[in-house]
Amino acid sequence: MPPSPAPTAPDAHSWTVKVREAGVEALPPEKLLPDGQPTYVASWIYMFGVASIASLIVIIGSGSILALKGPAWWHYTGVGHFFNSIHMWAVELFFFVMVVHLWGKYWMAAWRGGRTRVWITGAIIFLVAVPTALTGYVSQQNFDAQWISTQAKDGLNSVGVGAFFNVTNFGQMYSWHVLLLPMAVVLLVSAHVLLVRTHGVVPPFELEKRPEFAPVAAPAADGAVSAAGQQS
Amino acid sequence: MSRFSRMIHPKDDTQQWKGRYYPYDLVKELFIAVGVITLLALVLTILFSSPDDKPSTIAQWSQQKPADFTTAAVKELDGTSPTAEYGPPYNHNGTGQEAWIIKPQKWLGVSHPIDTELDFVVGPLETIPGDPALTAALAQYKTAPEKQKKEWAEAYAKPLEETATAEEEKKTPPNTVTESNGTVIVKTSGNAGPVPVMMTSLLAMAKSGGVDGSLLTSKQFFQTDYTKPLLFMADGGLLSERAQEQHLLGDQWGMMNETGSYPGQAWLWLYALWYQVEPFKSSENADILVMIIMGVLSLAFICIPFIPIVNRVPRWIPIYKLIWKEHYRSEQSA
């Protein structure tokens with residue numbers, strides 16, 4: 001049977017078409033990957049957002065190599081120890097640039113103009129990154145892992161978390177570290193970046209309208225104002 | 001809109017940007033950033049590497065500190081060790097930590113059951129074959145009433161605990177405990193029944209590595225759960241002694257440190273801070289109190305856009321003038 005010709009008009013009842021059209025409407029390609037930025041995006045502080053993503057890429061890359069070879073590999077090979085060091089320092093860099101990024105966004109009050117969800121996803125990424133790192137520390141299979149796990153258990157047990165998240169169980173912690181928590185971080189980062197692209201980078205405070213100690217820019221309901229992000 | 005609504009959700013005059021744009025290559029920027037971070041991680045790796053101190057084992061512990069091992073083991077037997085008295089999620093021998101009426105440790109119950117007497121002492125000893133003295137001692141111990149078992153274990157534990165306390169307080173210990181060729185001889189004032197034979201056998205088994213294996217493979221051949229050997233070791237002094245040398249104890253901000261002079265989990269500084277100050281420092285419920293505080297602060301961190309005053313500070317303290325210096329300068333010159 002010969003293939004039927006391509007449909008001339010999309011089927012309005014197709015779920016696929018509906019998802020595609022909603023996606024393109026919310027985030028058209030030129031907004032998703034812009035080739036222009038507002039002129040106010042001109043400070044070194046803006047580097048720390050992309051540096052956070054870059055660190056995450058290096059973490060996942062080095063972590064994937066460690067996962068491919070298994071959890072014990074890095075203890076008895078020089079190459080393994082090298083990749084473990086890359087992984088560890090990328091984590092340190094990730095937290096450093098992410099904290100600077102968060103402070104920068106705080107001082108910009110970057111939740112303004114309908115960007116509340118951008119702030120919330122960013123804050124949650126930091127909070128989810130903390131147990132992601134902790135599960136890495138307790139999966140090291142060395143003295144650090146022994147000590148950190150026996151200490152961390154008390155805090156987690158005290159709030160009942162230890163009942164289902166046992167830091168002294170290497171197998172469970174390794175699963176959380178290499179799959180579940182990184183997946184959560186990547187999904188959250190993806191949502192955060194898409195929200196940034198949807199709403200654009202928060203514009204500066206307007207100087208002439210700034211009365212000292214008066215109600216000023218603060219959160220608005222998400223989607224109330226969609227600023228920037230448009231191509232010149 | 002009520003006054004409260006205005007406080008948490010004040011007027012937002014942020015406008016959509018109608019000004020100029022400059023050419024910008026997002027993908028190129030990402031590639032450059034990955035290159036720079038990779039280079040930085042590479043330089044730090046070459047300069048500092050990463051720590052990897054070998055783990056301790058029960059065999060090492062029993063060889064290096066036989067009296068400490070025996071003290072911990074007999075406390076597991078008489079139910080006075082930290083693990084034996086822990087409560088949930090390991091056993092019902094304690095209530096766990098609580099804050100006012102909040103008792104999640106108790107509510108969640110025992111999910112990883114550990115009977116220190118059976119799991120750490122009697123169970124491993126039962127795997128030793130061909131030792132008639134031990135077999136007889138175990139039979140005597142297992143058939144004795146609970147009160148008798150307790151009296152035997154306490155009679156054996158008393159001199160060990162007195163010696164440990166004296167050493168901790170840097171006083172001269174009594175001559176009731178002596179170490180000779182890796183064995184521990186305990187002079188008891190009361191009747192310790194079969195406990196001396198059991199402890200001597202357990203020490204010998206531990207030195208050969210048998211207890212490490214026994215605690216790991218008690219359920220199945222393939223094993224990844226180190227809860228039992230870790231808790232047993234944590235009841236002794238070897239791990240904490242190593243931790244103190246590596247500045248990892250709780251009062252040394254240990255929660256955020258790692259071995260060597262590496263930065264560790266510096267992002268846990270606020271969590272570690274509470275353990276350094278009163279009333280948390282000396283509280284029996286320090287862990288749950290600190291976790292509750294950190295939970296509230298984490299929620300506040302997420303909700304910053306809705307917190308009055310905190311959400312206005314960026315407007316009042318003009319750090320934004322530094323961030324958007326170029327923008328304001330070009331606006332004024334225009």
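In chain A, 75% of the contacts with a separation of 6 or more are between residues 24 or more positions apart, a contact being a pair of residues whose C-beta atoms, placed from the backbone, lie within 7 Å. The model is predicted, and local features need pLDDT of at least 70, side-chain atom pairs count only at pLDDT 80 or more, and totals for chains, interfaces and linings use all residues. Residues are numbered from 1 along each chain as its sequence is written, while chains are lettered from A and ligands numbered from 1 in the order in which they are written.

Chain A contains eight helices and one strand, in the order α-α-β-α-α-α-α-α-α along the sequence. Helices (H or I, at least four residues) and strands (E, at least two) are DSSP runs, numbered from the N terminus. Of its 232 residues, 47% are buried; a buried residue has 20 or more other C-beta atoms within 10 Å of its own, an exposed one 12 or fewer, and a partly exposed one a number in between, with C-beta atoms placed from the backbone.

Val128(A) lies in helix H6 of chain A and counts as partly exposed because it has 16 C-beta neighbours inside 10 Å. Beyond four places in sequence, Val128(A) is in contact with Leu181(A), Ala184(A), Val185(A) and Leu188(A). The C-alpha atoms of Val128(A) and Leu181(A) are 7.3 Å apart, although 53 residues separate the two in sequence.

The contact between the chains takes 89 residues from chain A and 86 residues from chain B. On the side of chain A that touches chain B, H5(A) gives the most, with 13 residues. That side has 53 nonpolar, 30 polar and six charged residues, where Ala, Val, Leu, Ile, Met, Phe, Trp, Tyr, Cys and Pro count as nonpolar, Asp, Glu, Lys and Arg as charged, and the others, Gly among them, as polar. Strand S1(A) runs antiparallel to strand S1 (residues 21–23) of chain B and is joined to it by three bridges; strands pair if DSSP finds at least two bridges between them. Gln37(A) has Tyr22(B) as its bridge partner in S1(B).

The largest nonpolar core has 115 residues, and Ala90(A), Tyr156(B) and Met198(B) have the most contacts inside it. Such a core is a set of buried Ala, Val, Leu, Ile, Met, Phe, Trp, Tyr and Cys residues joined through C-beta atoms within 7 Å. Among the residues that Tyr156(B) touches beyond four places in sequence are Val74(B), Val186(B) and Thr188(B).

In chain B, helix H8 (residues 146–168) packs against H9(B) at an angle of about 60°, with the axes 9 Å apart. Axes are lines fitted to C-alpha atoms, for helices over the stretch in contact, and angles run from 0 to 180 degrees between N-to-C directions. H8(B) and H9(B) are therefore oblique to each other; angles under 35 degrees count as roughly parallel, over 145 as roughly antiparallel, 65 to 115 as roughly perpendicular and the rest as oblique. Trp152(B), Ala153(B) and Tyr156(B) of H8(B) meet Val195(B), Pro196(B) and Met199(B) of H9(B).

Strands S2 (residues 177–180) and S3 (residues 183–186) of chain B pair in the antiparallel sense over four bridges, with Val177(B) opposite Val186(B). Two residues lie between the strands of this hairpin, where Asn181(B) takes a positive phi near 50°.

Key:
Two residues are in contact if their C-beta atoms, placed from the backbone, lie within 7 Å.
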